[in-house]
Amino acid sequence: MIIYSFEIDINKDGAFSDPVGILSARLISASWLLGITDNLRQMSTPLQVRVSLHDPHLDFSRDVGRNPFGAVLRGKMGRLRATVGEDTYTLFTAWITSVSTDERNGGAITTLTLEDKMLFMQDSEYLPKVSTDILVSDEIQNVFASAFVGYPYESSFWVMGGSNLGVNTYLYENTHVELEASQTTLEYAGDAADRGNGVSALGYIMDLLTAEVGGRFFVDRAGKFQFQSRHHDLIATVSDTFTDADYVDFGVAEDTVYNEITVNYFPRQVGTPGSILFQSDSVPFSVSGGSSRKISARYRDPDNEDSTVGAKDVIPLVENTDIRVNSEEDGSGTDLIRQVKIMYEIGGTSTQITITNPEGGATAHVTFLQVRGTPLITHESEQVQNLDVSSLYNYGYSPMKPIDARFVSKLALAQGFANQLTKRFSNPQVVYTSINFLLGRDDAHNRRVLGRVIGDRITVKNNISGHDADYAIVGEQHQLAGKQHSVRYLLRPANRTKAWVLGYARLGSETLLGL
């Protein structure tokens, strides 16, 4: 028997302890899709959950003026758990984005929509710093260490001058991401991320994942971010074996063949230390008393506007050398550099500068502004290609869409990736894309199914067809209505990448040397 509990974090403390927020008795249905849906994707699809609740007294309606759940539910965390005997499984954790009450048909049903933090990351601008010789996983850690997203709430952690430490906030801790050590070390990171329109946190991580070639980034059932390296599926042990006696249906397909792989990589040219990375074309400009002016100083190559320019060893702004402030536009008046407050944040592709003139201060004119450092110049990408002639002969020409690996700067690494991907996709194989379960048969079966999570390696057998292969779970889809609960696990072949790992396979006979 499965007992379901749906709870809302009414007090926004992450505890789910307020009885008002325990809504298990109201639960009608829930549906959600968690994880990765496409066999070639490395990042999960943003989670969207729909939960329907009994609401005969319009308790969720703001129109009746007696909403017992608080005036605003938007932004509060909700979670669904399933208990089988003494074992409890969290099925999803997400944040409410909308509340909709249907008052028709003589009764009311309220539908909650909940989402994870993926879309928040997509909308969050991120200023990466330059890193050298760094693991992909460590650079992802740097993104979260910047504290742009808080868990469970953005407003939950302490900001100097903006909240009371120990009263309603806590010191920021990077506890909402778990990272395996990646297999790729980047020569440079953070310098080639900006394509001229700023950098989103999610877009930056997507670029990093491309360099890992086979890693996985997703949100788990607890609403936390997870990164698994490209070796995860190779070395994971089998957690369970499911046969056609366990599942009710399955999806099957013949994998797409790709016999030509193109990797675009981006060599770096290191410039002269102390070079001018940015020089304002908008000077002079004025900052009146009591106002601020923000400048995004994007690095550029004056000799080649098409180049992407990052920088390392950026020099902090030097008064009257890199920035000049005067009482007159032509610079003939009084030096006001000490009157204004200059704040800046140095990034890998730009420096964000804020100039504040205090209330009552004389109008300040910025007559000169520049940023200096060591440029890291990325010109047009270079390509490596790998073609499997035997596969082309057997199955026809089938190229994969070129891969833009912005943080791969070395030919050898790009060539290795092209070789690995060609070996992986040049020959077709029949694979199961999903297996579907219907819960409720017995507690042992319920535990086996609910206990599996994204990243688990399982064996799938079919006694009729003779299919017998190992898979990694990369996504899960649930439909819960009343007492009926169907679960669909999305699969990716665990043995498609036949790379040699010490102690796991025979090098040269059945595998190739892995990266």
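What percentage of contacts in the chain, among those between residues at least 6 apart in sequence, join residues at least 24 apart? It is 72%, where contact means heavy atoms within 4.5 Å.

Before we look around, a word on the ground rules. This is a predicted model, in which local features need pLDDT of at least 70, side-chain atom pairs count only at pLDDT 80 or more, and totals for chains, interfaces and linings use all residues. Residues are numbered from 1 along each chain as its sequence is written, and side-chain values use heavy atoms, leaving out hydrogens and water.

## The chain as a whole

The chain holds seven helices and 31 strands; these are DSSP runs numbered from the N terminus, with helices (H or I) of at least four residues and strands (E) of at least two. Of its 515 residues, 49% count as buried. Buried here means under 20% relative accessible area, exposed means over 50%, and partly exposed is in between, with a 1.4 Å probe and protein chains only. The chain exposes about 24000 Å², and carbon and sulfur atoms supply 48% of that area. Such areas come from the Shrake-Rupley method with a 1.4 Å probe; for residues, only the protein chains shown count as cover.

In soluble globular proteins, nonpolar side chains tend to be buried together. A nonpolar core is a set of buried Ala, Val, Leu, Ile, Met, Phe, Trp, Tyr and Cys residues joined through side-chain atoms within 4.5 Å. The largest one in this model has 46 residues, and those with the most contacts inside it are Phe6, Trp32, Val51, Leu80, Ile435 and Leu491. Strand S5 (residues 87-102) gives the largest share of this core, five residues. Apart from this core lies another, of 43 residues, with Val149, Val199, Phe217 and Met400 among them.

## Two open sheets

Strands of a sheet pair through backbone hydrogen bonds, either parallel or antiparallel. Here two strands pair if DSSP finds at least two bridges between them. The table sets out two open sheets.

| S18-S22-S21 | antiparallel | S18 (291-298) and S21 (341-346) |

S21 and strand S22 (residues 350-357) run antiparallel and are joined by six bridges. One of the pairings to look for is tyrosine 344 with its bridge partner in S22, isoleucine 353.

Strand S14 (residues 260-265) pairs with S24 in the antiparallel sense over six bridges, and tyrosine 265 stands opposite glutamate 382 in S24.

Proline 399 sits in the loop between helix H5 (389-395) and S25. With a relative accessible area of 37%, proline 399 is partly exposed. Leaving aside neighbours within four places in sequence, proline 399 is in contact with Tyr258, Asn259 and Glu260. Glutamate 260 is 139 residues away from proline 399 in sequence, but 4.5 Å away in space, C-alpha to C-alpha.

Serine 307 lies in the loop between S18 and S19. Serine 307 is buried, with a relative accessible area of 11%, and touches Asp301, Ile377, Thr378 and His379, not counting residues up to four places away in sequence. Strand S19 (residues 308-312) has four of its five residues buried, so it is largely enclosed by the rest of the structure. Five bridges join S19 to strand S23 (residues 364-378), and the two run antiparallel; alanine 311 has proline 375 in S23 as its bridge partner.

## A covered helix

Helix H3 (residues 201-212) is mostly covered, with 10 of its 12 residues buried. Among the buried residues are Leu202, Ile205, Leu208 and Leu209. Valine 213 follows H3 and has a positive phi, near 50°.
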